[in-house]
Amino acid sequence: MKRQFKFPFWLRRIFLFFTIIGPGLITASADNDAPGIATYSISGAKYGYGFLWIIVLITVGEVLVQEMAARMGAVTGKGTADLIRERFGVRTSAFAMACLLLANIGTTLAQFAGVAAVGELFGISRFLTVPLAGLLIGLIILRGNYKNIETVLLILCLSAFSYVITVFVIKPDWGIILKEALTPTIKLESDYLLAVLAVIGTTITPWGIFYLQASIADKGTDLKDYNHTRLDVVFGSVWGNIISAFIIITTAATLYPKGILVNSAEEAAMALSPLAGSFSSILFSVGMLGASLLAVSVLPLSTTYAMCEAFGFERGLNRPVKEAPVFYSIFVGIMVISMLFVLIPGIPLFRIMLLSQSVNAILLPVILLLVLSLANDRNIMGEWTNKRFANVLGYALTGLIFLATIALLVGMFLPAA
Amino acid sequence: MIYLSQLIDQKVWDGFGHVVGKIDDIMVNATEKSAPPLSALVLKGAPENKTMIDAQSIASLWPSVTLKTDITKLVPYTPKGHELLLKQRVLDQQIVDTEGKRLVRVNDLQIARKGEQFFLTGVDASANGLLRRLGLEKVGKSIARTFKKEAKTHVIPWEFVASIEHDDPLRLSVSQSRLVQMPPADIAAILDNLDSHTSKALLQGFPNEELADTLEQSSQEVQQAVLSHLHPERAADVLEEMDPDEAADILADMDDQTSERLLTLMEDDDAEEVRTLLGYPETSSGGIMTTEFAWVPYTYNVEQALTHLRSSEEALEDEFMYYVYLLDEQERLKGVVSLRDLVTAPLDQPLSKWIDDDIAQVTPLTPQEEAAYLVAKYDLMALPVVEPESKKMIGIVTVDDALDTVLPTAWKKKLPRFSGK
């Protein structure tokens, strides 16, 4: 007979809290996944407070993009992939899905890189940790009873809070921080541009758009309550970015002055030493592991759903493999490719995490342009089309990412110029 | 066979070899249910009064689109209100294949010629259709050949297609009549994959009984979404049609105010049964039992029992009737007989043969796991539930409901969700 495991009361209260808070807030908190933490740590350590203004800019961008996705979900009740297919046809869908797949495989492998990095911090080989993590999460998903596990992972992610506490332990000069956050500085170096793109790409993600829209559509939110949803999304985005800013402040205050560059989990964890001393690597690992596993439990599956939705393949975990072969193939494919990539001997884990997020940003304009076009379509959105303000900002953001990409490519191919 | 994707953007030539324009869309007469005839070509880049051309004047569609007459003699088509635009309204949308009983996406549309007329014959939902749209049909075929398989184009005949677009009441009602005939479990599976707006619109027009059957098989999300958008009077009617234990489960998931309101709107005896069930914890035998079961007075003989069962409302509502329970005047459990044994016994045999003091049974508060254990141990199809004080039999736990604990329902859930219910 199966005995059900019961959590203690106080723990269940916390779970309850997590089931009540909305998808917007959670999507945004999950933005601080393994590649997210890595990207912010690398950037903060290398460029100091000078990177903060980008976070301010991105916060505006993320609020804008996530709000559009949420609004589309609430108005149409459909997923982003559905709308793209129905409005733009097969060719455009195929292109958009290829971009989504590439971006999401990149982000998934970055999560496995996170797992590998944590393992290696404790001297455990990635050939053990990565397949183990993949197998564990894969089985949990395929068996479908991952609700409790998910909550546990979310709680592990709370250790990202330690960055906030660390900042208050270090007591940095808030005047300088504020000044740097509001004065844009740009360097035309390819490493800098890669980092800028990575920070954009880890915050405003194609999968974030698809996931948020799908979860709001699934909830069947009433348009009368849309103001609540909007508030949840805005608050969530801002919250996620506050945490990101604190990671940058921490690394900028601890690692940047010493000239320590973050190339491994060991160096990244050092940023937490003012708070946790010799326990900093444990604290760092808990957060990183929770974030990676949480993202692995959501990302490949939501990508698979989006793709099957766009092309009309049978989908759903409640279907046997024989009835939905494409669905299971895509899912397993994403998992296996991501794991194998991380197992390539000698691949630099932190560098890969950063680069995967730059790729995300480079692919983002494709999705952004489609989303902007959908959100302005009267046939789809009725009276809920974008306000002019949102359009100006949306296209500006797309243009900015595009320009940064061009600058990066020019810098890479014309190093002498 | 001609496909819509091969016609879109094709040049249209008149009888004298002049280009009139390019095909932008094709209209069919939507009132025809099995194979709608083409009614007009919608052109782009054509002179102003020639943007819609009557399908009567088409000479051929393949290999090139030619018209019978000279451009100056073309009579423009005037829409009559029953037209359906294929590219705009059908291509790339989701539809239900009522033959294959699944939700598919329209990758392409098949058009066929019969005599002088052209007809829309079916929907191509196969991967071949996708490849054709991408211009990769040949690549697909050669890949299939290397795997020694044939790339099959599966076309669903138009008469088996149910459109689910919720802003088109006319077509939706046609679809509903097709969908209603599908097994409830298949409809439920389709609903689970549909967006909430569409599934609501689709079910609005279902008859109460079919709607109740479908909802019983649906996921909790669909149940709640659909019921919350029905008029309360109708929601109560639908709940009456459901098994009381299913209705109780659904009401238990609603907030107290809503469920109380629906209960007051329900017929008194239905509501009372549901209220009793609602009183038991969800994971107890009382929470999963059904109150509809077949029973006969224990003093009867076989013939009387069979006659009684034919006219007993409770027996008729017993979904499976694996067993017939023998009760006394106070509705206390005296014995049990399988329907098979009852039917095969001589008519004059008294039921006392099956009276037994030691019947496997549970109380309403027995945990679900224990009920499952008993069902498995004694190889039963259903287990009687008996009130401990009055010894009254109040319901049965069927094997499928009992085993839900051992095979958790959670694995049936689909999308990973961080939040919500």
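What is the mean pLDDT of chain A, and what share of its residues reach 70 or more? The model is predicted, and for chain A the mean pLDDT is 86, with 90% of the residues at 70 or more. Two stretches need care. Over residues 1-7 of chain A, pLDDT is below 50. That stretch has 5 contacts in the model beyond near neighbours in sequence. Over residues 16-20 of chain A, pLDDT again stays under 50. Here the model has 3 contacts beyond four places in sequence.

Now look at how chain A is built. Its secondary structure comes to 19 helices and 0 strands. The chain has 417 residues, and 55% of them count as buried. Next, take the contacts in chain A with a separation of 6 or more. Residues 24 or more positions apart account for 85% of them.

A310(A) gives a worked example of such a contact. Find A310(A) in helix α15, which covers residues 280-311 of chain A. Is A310(A) buried or exposed? A310(A) counts as buried because it has 26 C-beta neighbours inside 10 Å, and the cut-off for buried is 20 or more. Leave aside its neighbours within four places in sequence. A310(A) is then in contact with A81(A), I84(A), R85(A), S93(A) and M97(A). Take S93(A) from that list. A310(A) and S93(A) are 217 residues apart in sequence, but 6.8 Å apart in space, C-alpha to C-alpha.

D218(A) is buried, because 20 other C-beta atoms lie within 10 Å. D218(A) and I362(A) are 144 residues apart in sequence and 29 Å apart in space, C-alpha to C-alpha.

Move on to helix α17 of chain A, residues 349-375. How many residues does this helix have, and how far does it reach? It has 27 residues and reaches 37 Å from its first C-alpha to its last. That is close to the 39 Å expected at 1.5 Å a residue. Still, α17(A) has a kink of about 35 degrees at L364(A). An α-helix has 3.6 residues a turn, so residues three or four places apart point the same way.

Turn to chain B. Its domain assignment gives three entries: domain 1 (2-172), domain 2 (184-194 + 206-279) and domain 3 (295-414). The C-alpha centres of domain 1 and domain 3 of chain B lie 58 Å apart.

Start with strand β9 of chain B, residues 94-97. Which way does β9(B) run against strand β10 (residues 102-105) of chain B? The two strands run antiparallel and are joined by 4 bridges. In this pairing, I95(B) has V104(B) as its bridge partner. β9(B) and β10(B) form a hairpin with 4 residues between the strands, and K101(B) takes a positive phi near 55 degrees there.

Strand β18 (residues 382-386) of chain B pairs with β19(B) over 5 bridges, in the antiparallel sense. A382(B) stands opposite T398(B) in β19(B). Strand β19 (residues 393-398) is mostly covered, with 6 of its 6 residues buried. The hairpin has 6 residues between its strands. K391(B) lies in this loop, and has a positive phi of about 60 degrees although it is not a glycine. K391(B) is partly exposed, because 13 other C-beta atoms lie within 10 Å.

D9(B) sits in the loop between α1 (4-7) and β2 (11-13) of chain B. This residue is exposed, because 10 other C-beta atoms lie within 10 Å. Finally, a cis peptide bond joins W62(B) and P63(B), with omega about 5 degrees. P63(B) is in the loop between β6 (58-60) and β7 (65-67) of chain B.

Conventions
Residues numbered from 1 in each chain as written. Chains lettered and ligands numbered in written order. Predicted model: local features only at pLDDT ≥ 70, side-chain atom pairs only at ≥ 80, totals over all residues. Expected span 1.5 Å × (residues − 1). Bend = angle between axes of the 7 residues up to and from the residue. Domains from an automatic or database assignment. Buried ≥ 20, exposed ≤ 12 C-beta atoms within 10 Å, placed from the backbone. Contact = placed C-beta atoms within 7 Å. Pairing = 2+ DSSP bridges. pLDDT = per-residue confidence, 0-100.
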